[in-house]
Amino acid sequence: MNGNAVALVTGGSRGIGAATALRLAQDGTDVALTYVDDAEAARAVVGKIEALGRRGLALRADAGGAERAAGAVEETVRGLGRLDVLVNNAGVGVLGPLEGLTIADVDRVLAINVRGAFLASRAAAGRMGRGGRIITIGSCMTQRVPGPGGTLYAMSKAALTGLTKALSRELGERGITANLVHPGPVDTDMNPADGPYAAAQAAMTALGRFATPQEVAAMVSFLAGPDSAYVTGAEFSVDGGHAA
Ligand code: NDP
């Protein structure tokens, strides 16, 4: 990563996104991050980025909003001068029995998890030069759905495989890569390691435990960095063996 590189991490105020924003800052990148509700948490992450000697920028931008998903890219370029790395991390999990999922649930999950990633990627591709990186956070549920209740979430995350492969073909000539990271169970507010289904999820992995957000961020760091220049259109599991 060159000294002036800039990243945008969607959903960067908490969880995997916050850990990723901090890891990229440690790697020497200035980082913009989006959030929706928790402005205080977003400000705290920006404070930690600045303490690492990098510039940070918190943007209130709902990935489910057609304008804001792309607008965050433009605000990043305005605020930090350029864009080299996009991490499509913002996502929601609506799990539950098939019959209980409403059309509103379907629209919301697809708007945030799929349309938001598409729109941000499209806007970012228009702003990135050679060496640009689009990294998307998928889910272990695209590779193994371990039980009922996952139809909507798994469907939304599976769409990101098509997005990533097609982006790699479309942007390869311009020297921009696109890759997908599939976390297994990760200890965050979305899926706490002491939650009601945590023991069952941990038991489904080969390692028998949840990941830390930092363990996922380490893979994003590799994919954002210079050693992954020849890696594109690929999927990486950071799932403790969930798919094995
Ligand atoms: P958390 O719920 O812990 O954090 C979500 C983050 O995204 C927060 O910063 C939140 O902001 C932000 N956010 C939520 N909705 C939106 C939105 N519509 N637009 C922009 N930002 C939003 O989630 P995780 O860190 O656990 O998950 C991050 C990603 O990893 C998601 O895509 C998830 O599907 C995926 N994942 C997570 C796994 C896990 O076990 N945790 C496993 C596999 C995949 P705010 O603070 O304002 O609410």
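The legends below describe close-up views of a predicted model of a protein with its ligand.

**View 1. Confidence across the predicted protein model.** The mean pLDDT of the protein is 97, with 99% of its residues reaching 70 or more. Confidence is lowest in helix α3 (residues 66-80), where the mean is 96, and highest in strand β5 (residues 133-137), where it is 99.

**View 2. The shell of residues around the ligand.** The ligand is surrounded by 31 residues, of which S13, R14, D37, Y153 and T188 are the closest. Sorted by class, this shell holds 13 nonpolar and 12 polar residues, together with six charged residues.

**View 3. Polar backbone atoms facing the ligand.** A backbone N or O atom of D37 lies 2.6 Å from an oxygen atom of the ligand, while a polar backbone atom of A63 is 2.8 Å from a ligand nitrogen atom. At V186, a polar backbone atom is 2.9 Å from an oxygen atom of the ligand. The ligand taken alone exposes 910 Å², and the protein buries 94% of that area. Two or more residues of the shell come from each of the elements α1 (15-26), β2 (30-35) and α5 (151-171).

**View 4. Helix α1, one of the elements contributing to the ligand shell.** The 12 residues of α1 should span 16 Å at 1.5 Å a residue, and this agrees with the 17 Å that separates its end C-alpha atoms. Because nine of these 12 residues are buried, α1 is largely enclosed by the rest of the structure. The buried residues are I16, G17, A18, A19, T20, A21, L22, L24 and A25.

How values were computed. Residues numbered from 1 in each chain as written. Predicted model: local features only at pLDDT ≥ 70, side-chain atom pairs only at ≥ 80, totals over all residues. Heavy atoms only, no water. pLDDT = per-residue confidence, 0-100. Helix = DSSP H or I, 4+ residues; strand = E, 2+ residues; numbered from the N terminus. Near = heavy atom within 4 Å. Polar contact = N/O pair within 3.5 Å; in protein donor to acceptor, adjacent residues only side chain to side chain. Areas by Shrake-Rupley, 256 points an atom, 1.4 Å probe, with all protein chains shown as cover. Nonpolar A, V, L, I, M, F, W, Y, C, P; charged D, E, K, R; others polar. Expected span 1.5 Å × (residues − 1). Buried < 20%, exposed > 50% of the residue type's maximum accessible area, 1.4 Å probe, protein only.
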